[in-house]
2 protein chains.
Amino acid sequence: MAVVPAEGDDRAAPCAGPRAPGRPRSSVADAAIVAAAIDSLEADGFDGLTVDGVAARAGVSKATIYRRYPSKIELVLAAAQQCIGDIPIPLDTGSLRGDLEATARKLVALVSDTPAGRIMPMLVAEISRNAELRDAFRDYIGCRRMISMEIAQRALARGELRADTDVDVMVDVLAGPIFYRSLVSGGPLDDNFLTHLVDAVTRAYAI
Amino acid sequence: MAVVPAEGDDRAAPCAGPRAPGRPRSSVADAAIVAAAIDSLEADGFDGLTVDGVAARAGVSKATIYRRYPSKIELVLAAAQQCIGDIPIPLDTGSLRGDLEATARKLVALVSDTPAGRIMPMLVAEISRNAELRDAFRDYIGCRRMISMEIAQRALARGELRADTDVDVMVDVLAGPIFYRSLVSGGPLDDNFLTHLVDAVTRAYAI
DNA sequence: CGAATACAAGACTCTTGCGTCTCGTAACTC
DNA sequence: GAGTTACGAGACGCAAGAGTCTTGTATTCG
């Protein structure tokens, strides 16, 4: 079973033929279901989410959900996938410190102001027990890391970066404290924090 | 309701009188129940834990559990509390870098080799939804931070630390990447990582 | 011994939630 | 209009799990 089998659509014709007979699926319901599932994940976690609850929240009947997803787990995975779907463009501000700060700000915005950030705590718990979800999530993390690698490449080319830099560690030194405050300590993610963090990473890694 | 009401003991006499009549509670069962609960938390998470499961794992009957804890939630909280109970002694190796490395090694050991580390992912999810548990956990985090503060005080006294250091951020720059790898990215927590991390923090904050 | 309590085993009630199904209605194609 | 599918509403069966209770036995005190 693939992690996210597109959607349980039997009707999303592989052949984009003329059209399926009968009343078409409501795309409004499609969106409402996923949005409601994300809301439920944020509020109640992976285990706390109920299909009845999602149906009520979305204003649809359970049958409408089960017509799209064969089981609760498929629904949950589709919602989680939707959250973490978009990967931002690599930033190039022209300097190492500028790139670091822009990256840090993006990360803070991610964990603070997006559904992905709000379900992150539940995702952390879930990937510690679900190998399939863990692999999918690690793939996603890997993609994000590639962006940071580009920052390091550019900084090296500019001669701004220490030659002995372990780029993996540098990325973690920047991202780790942001996730740590968001997930664990609950410390503020304000401008003061961001400035001190970016300063520290710059001092640690700039030539 | 206190976070952890000692234990649901009606018999743990406030007056340390002569002795309660009848057969005393089995301390073997006490320990087995908590250990089984911790195992269950690691394996199944806060929601996945079942009282029947803990009873089976501990080799006791459900009545024996309910005689000690009035409800499942009290059992779970007692188990969680047990995990994160011990706070290590502040380290003084004589140098900032030494203190940082010792602290980092303790943290890696904590997240890698202790029940506390293994239930951490579930704890992260739970504190995002349970205010009571969140407060208790933040208290614990606060206590740990005090230790790191001492490290900074000593380093300042030695003249090793930059005067403009934000100690809170410094602590997060050290601890954040360790938790990040443990909880999120799954990256290795080996000697190479530790060395590079401690080097980076030292470069960022030492004079 | 008798009283009191703990214990294992397990039956029991009650609630919750998954997944299925039916019914009457709505939307779309031919 | 006929046929087909989606929809909301909700009933339904089923399983899992919380918490209670019973029964027979074990342990401790006086």
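A salt bridge here is a side-chain nitrogen of Lys or Arg within 4 Å of a carboxyl oxygen of Asp or Glu. One such pair joins the side chains of B:Asp172 and A:Arg181, at 2.4 Å from N to O. The model is predicted, so local features need pLDDT of at least 70 and side-chain atom pairs count only at pLDDT 80 or more, while totals for chains, interfaces and linings use all residues. Residues are numbered from 1 along each chain as its sequence is written, chains are lettered from A in the order in which they are written, and side-chain values use heavy atoms, with hydrogens and water left out.

**Relation of the two chains**

**Interface of chain A and chain B**

- Contact (heavy atoms within 4.5 Å) involves 41 residues of chain A and 41 residues of chain B.
- The buried area is about 3500 Å², and carbon and sulfur atoms give 63% of it; buried area is the accessible area (1.4 Å probe) that two parts lose on being put together, summed over both.
- In chain A, the residues that lose the most area to chain B are A:Tyr180, A:Val184 and A:Arg203, together 19% of what that side buries.
- Two salt bridges are found across this interface.
- There are twelve residue pairs in polar contact between the chains, both residues at pLDDT 80 or more. A polar contact is a pair of N or O atoms within 3.5 Å; within protein, one must be able to donate a hydrogen and the other to accept it, and residues adjacent in sequence count only if both atoms are side-chain atoms.
- On the side of chain A that touches chain B, α1 (27–48), α6 (115–127), α7 (131–158), α8 (167–185) and α9 (191–205) each supply at least two residues. Helices are DSSP runs (H or I, at least four residues), numbered from the N terminus.
- The largest share of that side, 13 residues, comes from α8(A).
- That side divides into 21 nonpolar, seven polar and 13 charged residues; Ala, Val, Leu, Ile, Met, Phe, Trp, Tyr, Cys and Pro count as nonpolar, Asp, Glu, Lys and Arg as charged, and the others, Gly among them, as polar.

**Domains within chain A**

- Chain A is assigned domain 1 (1–83) and domain 2 (96–205), with bounds from an automatic or database domain assignment.
- The centres of the two domains, taken over C-alpha atoms, are 31 Å apart.
- Twelve residues of domain 1 are in contact with eleven residues of domain 2, and about 1000 Å² is buried between them, 72% of it from carbon and sulfur atoms.
- The two domains are linked by two salt bridges.
- The side chains of A:Arg118 and A:Glu42 meet in a salt bridge at 2.9 Å, N to O.
- α1 and α4 (72–83) of chain A are the elements giving two or more residues to the side of domain 1 that touches domain 2; α1(A) gives the largest share, six residues.

**Salt bridges overall**

- The structure holds 36 salt bridges over all chains.
- One of them joins the side chains of A:Asp199 and A:Arg97 at 2.5 Å, N to O.
- This pair links distant parts of the chain, 102 residues apart: A:Asp199 lies in helix α9 and A:Arg97 in helix α5 (residues 96–113) of chain A.
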